[in-house]
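Let's take a walk through this protein together. Keep the sequence and the 3D view side by side as you read.

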Amino acid sequence: MRLFGLLVATFVLGAAVAASLEPVIIVPGLSASVLETRYHKKTVPHVFCDKNVDNWKRIWVRATEMAPEIIDCFLQTMGPVYDGSSNTYSNCEGVQMQPHDFGGLEGIYSLDPDLREKTEVYGPLIDYFVKRGYKAGETLYGAPYDWRVTAPDVNAKNGMYAALQTLVEQAVNRTGQPAHLIGHSLGSPFVHMFLATYTTQAWRDRYVGSFISLAGPFGGSTMATEYTLCGMDWRVPGLSKSHIRDLMRNMGSAAWMMPFGPGADYVILSTPQRNYSLEDLPQLFLDAGAPSTAAMVRHVQTYLDQASVIPPGVETHLFYSRNTTTPLTYYEPAGVHCSGDQAGPEVVASRPGDGTVVDWSLLGYAYWKTQPQPLTSYEVASDHVGVISDPMVLKLIGEIVGL
Ligand SMILES: *[C@@H]1O[C@H](CO)[C@@H](O)[C@H](O)[C@H]1NC(C)=O
Ligand SMILES: *[C@@H]1O[C@H](CO)[C@@H](O)[C@H](O)[C@H]1NC(C)=O
Ligand SMILES: *[C@@H]1O[C@H](CO)[C@@H](O)[C@H](O)[C@H]1NC(C)=O
């Protein structure tokens with residue numbers, strides 16, 4: 001009898017705790033959403049590439065797709081095509097692409113579910129909530145997106161904001177509590193633009209508890225310019241720097257991550273022929289023989305000119321770091337025609353930051369402080385990726401969401 005009473009008491013207490021959890025939605029960074037594809041292609045680079053895939057299959061990331069030669073099939077499927085004259089992004093002909101498990105956590109926990117531990121992305125953040133009673137699809141949600149084709153000036157049209165808006169409403173309608181939106185890296189400008197340009201104040205007041213930014217590059221990062229110009233080593237065997245460069249030159253997210261705003265008042269890229277500052281970035285890609293990338297950068301910059309300063313309009317928490325020396329200016333000895341596969345550039349100027357993004361970029365825009373909702377920043381020691389698993393950061397997030 002006594003035992004029965006205890007069990008009931010425990011059960012009631014458990015239910016009360018579960019009911020009071022405020023829902024959390026995690027919006028990941030660049031390349032940090034699992035992507036899946038299906039396709040019917042007319043032409044393929046090798047006879048052994050599949051022409052037809054009827055059922056959705058994971059493409060990002062799957063180690064077997066990156067084997068020598070097979071990687072050409074992968075690159076064809078993954079490559080977005082940007083058309084500068086219409087400012088539109090599309091897939092290679094016949095290809096469909098979508099984020100894996102939108103709303104659930106499988107699309108953001110690790111990049112390759114076959115190598116769960118080795119390719120963990122938001123695992124530590126997710127585990128923190130799960131240990132405290134959060135459940136996938138009930139109180140804890142992932143909002144993965146096709147990070148190749150996201151851009152601030154096209155997301156309202158391509159359905160990405162609509163998908164996030166519906167997810168937030170579902171979380172709030174289900175729990176009866178406003179949702180906390182956690183962005184990491186590119187996920188933070190994504191959430192900011194969603195709130196600032198796509199939602200009304202009435203909607204934000206009703207549905208959003210807070211916006212939490214972890215290492216958000218609101219004023220971009222010099223690295224995005226360098227990688228889009230010259231490529232980047234992703235340390236995936238078979239995937240060369242120039243492969244990455246060719247992908248990035250068609251990725252709206254690459255333009256979105258380039259330096260922007262009043263803080264970007266320095267030379268971003270230096271060559272023996274010319275120094276390129278913020279207003280010269282379109283010219284940089286023209287000089288490099290990439291006119292559609294130049295158009296992409298121009299479209300994104302024009303949009304950000306208007307939109308980046310608009311405050312989020314919700315309680316906002318910005319986590320940033322000044323503990324790592326972070327590049328401001330790169331010098332490319334080979335000039336704009338850096339082949340992509342030679343040694344990396346030289347850093348000629350730097351600033352405190354998180355190793356990827358400098359401090360002022362992580363802190364957003366001065367005008368945001370005019371919003372009536374609280375805006376708080378937290379200086380932490382961890383770097384751009386370490387912030388996800390920093391116990392100090394997790395503890396502070398817990399306090400923000402009412403744990
Ligand atoms: C959430 O509830 C509101 C109010 O009842 C309703 O207008 C909205 O459509 C609901 N959203 C979803 C995604 O169910
Ligand atoms: C670029 O700027 C640096 C530093 O101000 C200067 O020394 C260099 O001469 C400039 N290069 C060109 C090509 O103008
Ligand atoms: C990070 O920077 C702060 C402020 O400059 C300093 O007090 C702290 O010791 C640094 N932490 C680490 C781990 O380097």
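In all, the count comes to four cavities of 30 Å³ or more. Here a cavity is a set of points, on a 1 Å grid over the protein atoms alone, where a 1.4 Å probe fits but cannot get out, and lining residues have an atom within 4 Å of a point. The grid points are joined across faces, edges and corners, and a volume is the space filled by probe spheres set on the points.

Before going further, a word on what you are looking at. This is a predicted model, in which local features need pLDDT of at least 70 and side-chain atom pairs count only at pLDDT 80 or more, while totals for chains, interfaces and linings use all residues. Residues are numbered from 1 along each chain as its sequence is written, chains are lettered from A and ligands numbered from 1 in the order in which they are written, and side-chain values use heavy atoms, with hydrogens and water left out. The helices (H or I, at least four residues) and strands (E, at least two) are DSSP runs, numbered from the N terminus.

Now find helix α8. How many of the residues of helix α8 (residues 222–230) are buried? Nine of the nine are, so α8 is largely enclosed by the rest of the structure. Buried means under 20% relative accessible area, exposed over 50%, and partly exposed in between, with a 1.4 Å probe and protein chains only. The buried residues include M223, Y227 and C230. Among the elements that cover them are α9 (241–248), α10 (252–256), α12 (291–307) and β13 (324–331).

At 0% relative accessibility, L229 counts as buried. Leaving aside residues up to four places away in sequence, L229 touches R245, R249, L269, L284, F285, A288, V336 and C338, where a contact means heavy atoms within 4.5 Å. For a sense of scale, L229 and P45 are 184 residues apart in sequence and 25 Å apart in space, C-alpha to C-alpha.

Look next at the backbone on either side of this helix. α8 is followed by G231, whose phi is positive, near 95°. In the loop between β9 (208–214) and α8 sits A215. Phi of A215 is near 55°, a positive value in a residue other than glycine, and A215 is buried, with a relative accessible area of 3%.

Other loops are worth a visit too. N87 lies in the loop between β4 (81–83) and β5 (88–90); its phi is near 55°, again a positive value in a residue other than glycine. N87 counts as buried, at 9% relative accessibility. The peptide bond from W60 to V61 is cis, with omega near -5°, and V61 is found in the loop between β3 (52–60) and α2 (70–78). S277, in the loop between β11 (275–276) and α11, is buried at 18% relative accessible area. S277 touches Y266, V267 and I268, not counting residues up to four places away in sequence.

Finally, turn to the ligands. Which residues are around ligand 1? They are T166, E169, Q170, N173, R206 and Y207, each with a heavy atom within 4 Å of the ligand. An N or O atom in the side chain of E169 is 2.8 Å from a nitrogen atom of ligand 1, and a polar side-chain atom of N173 lies 2.3 Å from an oxygen atom of ligand 1. The protein covers 46% of the 360 Å² of accessible area that ligand 1 has on its own, with areas from the Shrake-Rupley method and a 1.4 Å probe. Helix α5 (160–175) gives the most to the shell around ligand 1, with four residues.

Around ligand 3 you will find N323, E379 and A381. A polar side-chain atom of N323 lies 2.6 Å from an oxygen atom of ligand 3. Taken alone, ligand 3 exposes 360 Å², and the protein buries 26% of that.

Note on methods: Polar contact = N/O pair within 3.5 Å; in protein donor to acceptor, adjacent residues only side chain to side chain. 1 Å grid on protein atoms, 1.4 Å probe; cavity = no way out; pocket = protein on both sides within 12 Å on 5 of 7 lines; lining within 4 Å.
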